[in-house]
Amino acid sequence: MKKHDHQPPGWATGLLRWYCRPRLLEDLEGDLYEYFIRNVRDKGLRYAQLIYFLDVIKFMRPYTIRKIDPFHFLTHFMMIGSYFKTSRRNLVRNKLFSFINIVGLAVSMSVGLLVIAIVNDLRSYDDFHRNHDNIYRIITHNHPEGQPTADFASSSGRVAQRLRSDVPGIADFTIIRNGFSGDAQVGQNTFPLEATWAGQSFFKILTFPLVAGDPSTALKEPYSLVLTEKTALKLFGNTNIVGQTVRFDTLDYQVTGVAKDVPHLSHIRFDALISYATADALYGKKGDGFNNWDNMWSNYIYITLPKGGSLVGVQRALDQISKEENRALQHRKITLSLQPFNDIALGRKLSNNMGPRTEPATLWILGGLAFVIILSACFNYTNLSVARSLRRSREVGVRKIIGARGSHVLGQFMTESVLISLLALLFSFALYLLLRKEFLAIDPHVAKIFTLDLSLRSVLCFIALAVFTGLAAGFLPAVFFSKINALSVMKDASGIRIFRHIGMRRVLIVAQYALSLIFIATTLVGYSQYKGFLNFDLGFNTENILNIKLRGADAAALKKDLAEIPEVKQLSQSSMVPSVGSMYGFDVKYYPAGAALPVDSGLVWVNTVDENYVPIHKHQLVAGSNFVLRPEKGNESELIVNQQVLKRFNIGGRDPQKALGHVIEVDGQKLTIVGVMRDFHYGTVENKIEPVMFRYSKSEPQGYLNLLISSTDLASTMAKIETAWKRFDKVHPINATFYDEQIEEAYSGFSMMVKIIGFLAFLAICIASLGLFGMVVFTTETKLKEISIRKVLGASEPGLVYLLCRGFITLLAIAALIALPVTYLLFDKILLTRFAYHQPIGLAELLGGTLVVMLLAVVMIGSQTAKAARSNPAKVLKSE
Amino acid sequence: MKGTNLGEFEELVLLTIAALGLEAYSVAICDELERYTGRSAKLGVVHAVLNRLEEKGLSKSHLGDASATRGGKRKRFYEVTHAGKVALTRAKDLREAIWRDIPGFNLEGSI
């Protein structure tokens, strides 16, 4: 008897059944079993199982393998009409379930569509260049001794000088330099204009078509100017302007071409191009390091390879150039490499990058979030379909008795789910159009990067998404139905054990709710952190300070005008606005008091300010005083530092009082420390507090005016300020922002993420709630008779509600137990590690969202179960 | 008469079927063959030959009753058809005709 307990491996038998012809199967299976039993007896179970498996493999022969039945496929094809018909009828008959499924799928897929459109946009960046597969950008790697390597998208002008003669094996190259900014005078009018310097071959390598002018010579001569159509219309009012001149300061530039406007999906963007020869003529000849090997900050060099050219040779030549040039450098090396043109917009992070760039990881995260949301909707479909299998099992039974095979039933249910998801696609497309508008408006940067236009490729991807979603959602129910035993279903419909898959359904519900809770908790915690960043104590005052950006003119007159406005209490000047992301630093040398030689050197961040800056921003001086002297530019001798500087250089044993009088050499000037201020946040909260110094300058023409405003009528004050600005600068519009708004702007990326996650949280909760609602309705419906009988026997209504709710509440509790720690760890270990300073993760935020979601679910469950519990048992039981 | 020619192993299997009578199913045939020849007869080989004999019309088969010893699977019993009997007899006659023509001394001493 014991021998019979040993069974051959089931999957091997499954394989045999799968491939073997039905006619041969039964006795062959019997034969193999007989041998198996013999082997178990003689050689042991392990050996017998191995032999059994090998025999199954060995029996795969031409005469045993099942023939593909063309008729089998033909029936599928013929039955499609019938599948459509039954699917349609089912959709109409079960309105609630159809509604839940279609809405859930539509909502979740609209997010998927958005992600597809985003990915499509990013992947088609720079595709409009005819030659885009063959263009490479030369990028620079800076290796300072003892410090990590930094990678730059830009490279030195020296590289371009040497390319022509020293790098064989490139077809052509061009150089671009950003940063031209001037006031263009056309006749009597003046317009501010920002332009890009571009080398002669610019139009040859890159595809920016000209509507007028000769692309090969347009950027050849110095002082040539190419305008885009938009700029041309702004400056001249028409585009027929080749040969006209535009005046910048004292120089005349000749318009040599008009280019079509730059396509949106381009990392190179310009309003106007000026021949690079101009920059060479203006700056290159002066010898102030314009073309120095280590001046690698502003130029971008693009090369093309000849047909069949190899990168290896070019790279070798570049290595040779850097080797030769590096000899002149001390304590660091600069190397060059090539970056494919197609990898620029969607590639690695490089400093000084030009144009939009997206981290590939961002795409994965977005895709992952969309996947999770769609999965949640698929869970609904799976759950509800399996749950209502009772109603459809008879149909499957009849089909099977008439002659449908398992695969036919599988096909039918897959068709149905794909049909539903295609229907959902229609709705989700409408939603997507809304979502797209919202997404583009969420942040000005987003609209700059994406267009999200429809293309054939994106539409095909949309349809593919719908089909895949349908298949994924329908797979489990289809498998479930295809395995239904026709005979037992027809004998007794209740014989089919609908609650057999209850475990799986529970897991799906828990997963859905856990995800929703993670999303909502993430949103709330993220939002409170964001608020924390905005209200963070930076160590100085930012309230009521209006920063006005200056445009290169000395602002003495404007200051006088502004000071007369009564609401402007005080004003100061600074070269930059700290704590909103930008940072400027100097390598300084420290001379202890009286010493002739420096003892230490290091990087110190800097802001150049006037004497009013410190009081307006309420920086606390722990020792010394504000700037006393009022020297002209270049003659300053005073310096205010923060406590970190004392710590970094160990000045005066870190005692602020003793630090006064020590000397720090900045940029060749020896400055004496006259004040020490309390540490404050110069960078954003992502950065640790580091050494910072304030230098003195009476006037910063490229910097900011900082106005301390005290006003009850902000609009009129702003109008007054603007009038003063217009008197001062007729060309540029005023650029004035309150400090607090600038800080908000600095964390806009974070707030955008919170908004997106918040939106996804909303969707996830909607979908999970729909699913739960469907399950509750179904469960109470199927248990209606049980409830009625219990009621007749004397059960109380609250007792019945408790009985029905119990299971669901337990599931929600499990989901919460999973979600909350996960969210906490997510923030604690991953998201907040970037930030050097942040608030503790609040328990209230973590629990708050959970409570709301739970409450929603409990109300939903409660209302449905109460309805069932209140039903009149006589009516229910009468119909039996 | 292409297709009715018997290979040596086919002939052995067909003879075993005939010898086993009503008990001729694949596992039993294998066992009998092993007993007659002293060589191990693999089920895979025998199964293929049984299938081929049936295709040639030399044997026919039917499924027997289910029994618990085989995991509830039925046995397929084989029997020799008329054509099979003819083929066996012809093969035997052929050999005997040749044996008769062998002069006695030609095989003497070689055994």
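**Close-up 1. A salt bridge links A:Glu29 and B:Lys73 across two chains.** In this predicted model, the side chains of A:Glu29 and B:Lys73 meet with N and O 3.8 Å apart. (A salt bridge here is a side-chain nitrogen of Lys or Arg within 4 Å of a carboxyl oxygen of Asp or Glu.) B:Lys73 sits in the loop between β1 (59-66) and β2 of chain B, while A:Glu29 belongs to helix α2 (residues 22-43) of chain A, so the pair joins two chains. Helices (H or I, at least four residues) and strands (E, at least two) are DSSP runs, numbered from the N terminus. A:Glu29 is buried at 7% relative accessible area, whereas B:Lys73 is partly exposed at 21%. For these words, buried means under 20% relative accessible area, exposed over 50%, and partly exposed in between (1.4 Å probe, protein chains only).

A word on conventions: residues are numbered from 1 along each chain as its sequence is written, and chains are lettered from A and ligands numbered from 1 in the order in which they are written. Since this is a predicted model, local features need pLDDT of at least 70 and side-chain atom pairs count only at pLDDT 80 or more, while totals for chains, interfaces and linings use all residues; side-chain values use heavy atoms, with hydrogens and water left out.

**Close-up 2. Here is where chain B touches chain A.** On this interface, 22 residues of chain B are in contact with 18 residues of chain A (contact means heavy atoms within 4.5 Å). About 1,800 Å² is buried between the two chains, with carbon and sulfur atoms giving 48% of that. Buried area is the accessible area (1.4 Å probe) that two parts lose on being put together, summed over both. Between chain B and chain A there are 4 salt bridges, and 9 residue pairs are in polar contact, both residues at pLDDT 80 or more. (A polar contact is a pair of N or O atoms within 3.5 Å; within protein, one must be able to donate a hydrogen and the other to accept it, and residues adjacent in sequence count only if both atoms are side-chain atoms.) On the side of chain B that touches chain A, α2 (26-37), α3 (43-56) and β2 (74-80) of chain B each supply at least two residues. The largest share, 7 residues, comes from α3(B).

**Close-up 3. A:Glu416 and A:Arg392 pair up between two helices.** Their side chains form a salt bridge, 2.7 Å from N to O. A:Glu416 is in helix α13 (residues 406-441) of chain A and A:Arg392 in helix α12 (residues 389-402) of chain A, so the pair ties together parts that are 24 residues apart in sequence. Both A:Glu416 and A:Arg392 are buried. Elsewhere in chain A, a network of salt bridges links A:Arg158, A:Arg162, A:Asp166, A:Glu324 and A:Glu325. Over all chains, the salt bridge count comes to 35.

**Close-up 4. A:Tyr300 is a buried residue in strand β10.** The strand covers residues 299-304 of chain A, and A:Tyr300 counts as buried because its relative accessibility is 4%. A polar atom of its side chain lies 2.5 Å from the backbone oxygen of A:Asn352. A:Ile176 is 124 residues away from A:Tyr300 in sequence, yet their C-alpha atoms are 5.0 Å apart. Leaving aside neighbours within four places in sequence, the contacts of A:Tyr300 include A:Arg137, A:Ala153, A:Thr174 and A:Met354.

**Close-up 5. A:Asp151 makes polar contacts with A:His141 and A:Arg348.** This residue is in strand β2 (residues 150-152) of chain A. Its side chain meets that of A:His141 at 2.7 Å and that of A:Arg348 at 2.6 Å. Not counting residues up to four places away in sequence, A:Asp151 also touches A:Thr140, A:Leu350 and A:Ser351.

Close-up 6. (Two strands pair if DSSP finds at least two bridges between them.) A:Val588 stands opposite A:Gly602 in β15(A), and its bridge partner in β18(A) is A:Val666.
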